[in-house]
Amino acid sequence: MGANKIRVACLGAGYFAGFHYEGWQRIKRAHLVGACDRDKEKAKATGVAAFADLDHMLRMTKPDLLDIITPPPSHLPAIEAAIRAGVETVICQKPFCQSLDEAKQATAIAEEAGVSLVIHENFRFQPWYRCIKQALENELIGELQQVTFRLRTGDGQGPRAYLDRQPYFQTMPKLLIHETGVHWIDTFRFLLGEPDAVYADLRRMNPVIAGEDAGYFIFDYANGVRALFDGNRLLDHAAENCRTTLGEALIEGTKGTLSLSGQGEVSLRHFGALEENTLLHAQDWQGFGGDCVRALMQHVVDGVLDDTPLENEARDYLKVIAIEQAIYESDQKEQKIRGLDFG
Ligand SMILES: NC(=O)c1ccc[n+]([C@@H]2O[C@H](COP(=O)([O-])OP(=O)(O)OC[C@H]3O[C@@H](n4cnc5c(N)ncnc54)[C@H](O)[C@@H]3O)[C@@H](O)[C@H]2O)c1
């Protein structure tokens, strides 16, 4: 790449984009050059040079990297515009595109153009999952037997559920897994690899919303390990802020158990013991979810400038979409789905 700073332009200036703009400002080797939103007032509010039209922004600011922070219908056209404008790196928010076919198309055109396309799947960058991964690699809990994550956001009760922060949640035909549970499809992959089979049982608890807001999925692994996602957006968990971790986790092995608390603390209890040792202390994390948005963006900047391997490239992320499809298929058919197609 040659340069020692990356010029970054962003598409989208809605609710979640706030964490991106704030994060970019803390990345030393990145320079924010433009913000685009079809609502130009929102783009202006970022304090960066504001645009309402993407092609115009790309022509005027000539970024090295486009950060797409808009919903799925805009993803493919924005990736096409970035390729046309000669942008070398694109980061795209999840859910990536509107369907697996569209995501495959976006992946193929980026690869053909030699553009690095990374999906903003940020939860694997949360410091607690990095800590748990390290503990597994260091074999701190013996032979892993099972992983459980209980999502308990506590924001889904009553007729006003989600309206203040993410009103679009109320009308999404697929909510719990497509919008949020997808982060644990990827986190389980990060910790355990690709599953052999999935089973799911999904429910809608709040009648004012369109999609599912509670349910389970279980991943089977060839070595006998099982990973369980147990989500219910109406229930909460013990945390000052239920949005720090969105829930609690247990990672259980023959020699011990790792637990993740709602404050982002990771503890290790040896098999047969009562007391726990803290591996990662709760902190006042900046940004969102343990500062995972900034961590992902920092990872991409380092990857591009130092030529180090990138996680979450689009080709790899297609597997997440395929697994998500299998989860909904399992729920609909009321059966386990085997032989997942990652082609
Ligand atoms: N990774 C995470 O942890 C996480 C968390 C929350 C949201 N998200 C994702 O981020 C994306 C944005 O979510 P949000 O909550 O900020 O939504 P939002 O509705 O608050 O904001 C979206 C913004 O994009 C703008 N926009 C939409 N289409 C556009 C287009 N074609 N051209 C220009 N501007 C356009 C809208 O005007 C709006 O300002 C979604 O895909 C959502 O799933 C990810």
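This is a predicted model: local features need pLDDT of at least 70, side-chain atom pairs count only at pLDDT 80 or more; totals for chains, interfaces and linings use all residues.
User: OK, which domains is the chain divided into?
Analyst: Domain 1 is 6-120 + 293-311, and domain 2 is 124-281 + 321-337. The bounds come from an automatic or database domain assignment.

User: How far apart do their C-alpha centres lie?
Analyst: The C-alpha centres of domain 1 and domain 2 are 27 Å apart.

User: And how many residues are in contact?
Analyst: Nine residues of domain 1 contact eight residues of domain 2; contact means that the C-beta atoms, placed from the backbone, lie within 7 Å.

User: Which element gives the most on the domain 1 side?
Analyst: α5 (100-113) and α8 each supply at least two residues there, and α8 gives the most, with three residues. Helices here are DSSP runs of H or I with at least four residues, strands are E runs with at least two, and both are numbered from the N terminus. By residue type, that side of domain 1 has seven nonpolar, one polar and one charged. Nonpolar covers Ala, Val, Leu, Ile, Met, Phe, Trp, Tyr, Cys and Pro, charged covers Asp, Glu, Lys and Arg, and the others, Gly among them, are polar.

User: Staying with α8, at what angle does it pack with α1?
Analyst: α1 (residues 17-25) and α8 (residues 292-306) pack at about 55°, with axes 9 Å apart. Axes are lines fitted to C-alpha atoms, for helices over the stretch in contact, and angles run from 0 to 180 degrees between N-to-C directions. The two helices are therefore oblique to each other; under 35 degrees would be roughly parallel, over 145 roughly antiparallel, 65 to 115 roughly perpendicular, and the rest is oblique.

User: Which residues meet there?
Analyst: From α1, F19, H20, G23 and W24 meet V293, R294 and M297 of α8. That contact divides into four nonpolar, two polar and one charged.

User: Switching to sheets. What is the order of the six-strand one?
Analyst: It is an open sheet, β3-β2-β1-β4-β5-β6, with parallel pairing; two strands pair if DSSP finds at least two bridges between them. β3 (50-51) and β6 (116-120) are at the edges with a single partner strand each, so one side of each has no neighbour in the sheet.

User: Which residue partners L66?
Analyst: The bridge partner of L66 is V90 in β5. β4 (residues 65-68) and β5 (residues 89-93) are joined by four bridges. Helix α4 (residues 75-84) lies across β1 (6-11), β4, β5 and β6, at about 170° to β5.

User: And the nine-strand sheet, what is its order?
Analyst: The order is β14-β13-β12-β11-β7-β10-β9-β8-β15, open and with mixed pairing. β14 (277-280) and β15 (337-338) are the edge strands.

User: How do β7 and β10 pair, parallel or antiparallel?
Analyst: They pair in the parallel sense over six bridges, and Q146 stands opposite R226 in β10. β9 and β10, in contrast, run antiparallel and are joined by seven bridges.

User: What does G224 do in the hairpin of β9 and β10?
Analyst: G224 takes a positive phi near 90°, in a hairpin with five residues between the strands.

Terms used: Residues are numbered from 1 along each chain as its sequence is written. Two residues are in contact if their C-beta atoms, placed from the backbone, lie within 7 Å.
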